[in-house]
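Colleague: I would like a close look at the open space in this model, taken slowly and in one connected account.

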Amino acid sequence: MEKLTHLQVYWHDKPSGPIPTTILVASANFTNPSIGFGSIIVIDDALTEGPELDSELIGRAQGSYVLASLGQPPAVIMSMTFAFTAGEYNGSTISIAGRNTVLSAVREMSIAGGTGVFRFARGYVQMRTHFFNFTSGDASVKYDIYVLHY
Ligand SMILES: *[C@@H]1O[C@H](CO)[C@@H](O)[C@H](O)[C@H]1NC(C)=O
Ligand SMILES: *[C@@H]1O[C@H](CO)[C@@H](O)[C@H](O)[C@H]1NC(C)=O
Ligand SMILES: *[C@@H]1O[C@H](CO)[C@@H](O)[C@H](O)[C@H]1NC(C)=O
């Protein structure tokens, strides 16, 4: 029987510090650099149970996103896989893709599929920014994952 699982995890984008988990790998020589259009970012971000980066690590979000909006609102197109490394989902993954209008209070992206416990996965995620440091770019975002699987 297909079942609906609701998971809540915190995703930590961290471009700052000695070990950044968020790396800008390419950017365009664009006339308006402030919007960053065309930038490509690769991430290996921590996923934790609680809102703080030092709360229990439950996996990594590995993938990339591109700054893909010329105008307003700012938007990134994301493609990443949540690889769980603890608890009942250890070894399973959920792949997420979609558009993220980062300044909106609530955003939504699609679940593209999954492995392990999440084989045949479909569903959606909702994201809410918990913390954002405009100076460093560090961000913590709460992900509510609604996944149908067997
Ligand atoms: C960046 O673009 C500007 C304006 O088009 C140009 O003058 C400059 O040579 C470019 N720089 C590089 C490194 O391509
Ligand atoms: C997760 O699974 C791996 C591989 O089976 C195992 O080595 C590791 O100890 C597990 N981690 C936890 C926190 O259960
Ligand atoms: C934001 O980042 C700056 C630069 O890394 C740092 O000095 C500052 O303490 C940070 N603020 C918070 C609230 O974490």
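Colleague: By class, how many nonpolar, polar and charged residues does the lining of the largest pocket have?

Modeller: Bearing in mind that this is a predicted model, the lining of the largest pocket has 20 nonpolar residues, 10 polar ones and two charged ones. The space in this largest pocket comes to about 820 Å³, and of the 32 residues that line the pocket, Tyr65, Leu67, Val76, Val102 and Phe132 are the closest to its centre. Two or more lining residues are given by each of strand 1 (3-13), strand 2 (22-26), strand 4 (57-67), strand 5 (76-84), strand 8 (122-132) and strand 9 (139-149), and of the elements it is strand 2 that gives the most to this lining, with three residues.

For the second largest pocket, the space is about 160 Å³, and here strand 1 gives the most to the lining, again with three residues. Among the residues that line this second largest pocket are Leu7, Gln8 and Val9, together with Glu49, Glu56, Ile58 and Phe84, while the lining also includes Ala86, Gly87, Glu88 and Tyr89. By class, the lining of the second largest pocket has six nonpolar, two polar and three charged residues, whereas the lining of the largest pocket has two charged residues.

Conventions:
Residues are numbered from 1 along each chain as its sequence is written. Chains are lettered from A and ligands numbered from 1 in the order in which they are written. This is a predicted model: local features need pLDDT of at least 70, side-chain atom pairs count only at pLDDT 80 or more; totals for chains, interfaces and linings use all residues. Side-chain values use heavy atoms; hydrogens and water are left out. On a 1 Å grid over the protein atoms alone, a cavity is a set of points where a 1.4 Å probe fits but cannot get out, and a pocket is an open set with protein on both sides within 12 Å along at least five of seven lines; lining residues have an atom within 4 Å of a point. Grid points are joined across faces, edges and corners, and a volume is the space filled by probe spheres set on the points. Helices (H or I, at least four residues) and strands (E, at least two) are DSSP runs, numbered from the N terminus. Ala, Val, Leu, Ile, Met, Phe, Trp, Tyr, Cys and Pro count as nonpolar, Asp, Glu, Lys and Arg as charged, and the others, Gly among them, as polar.
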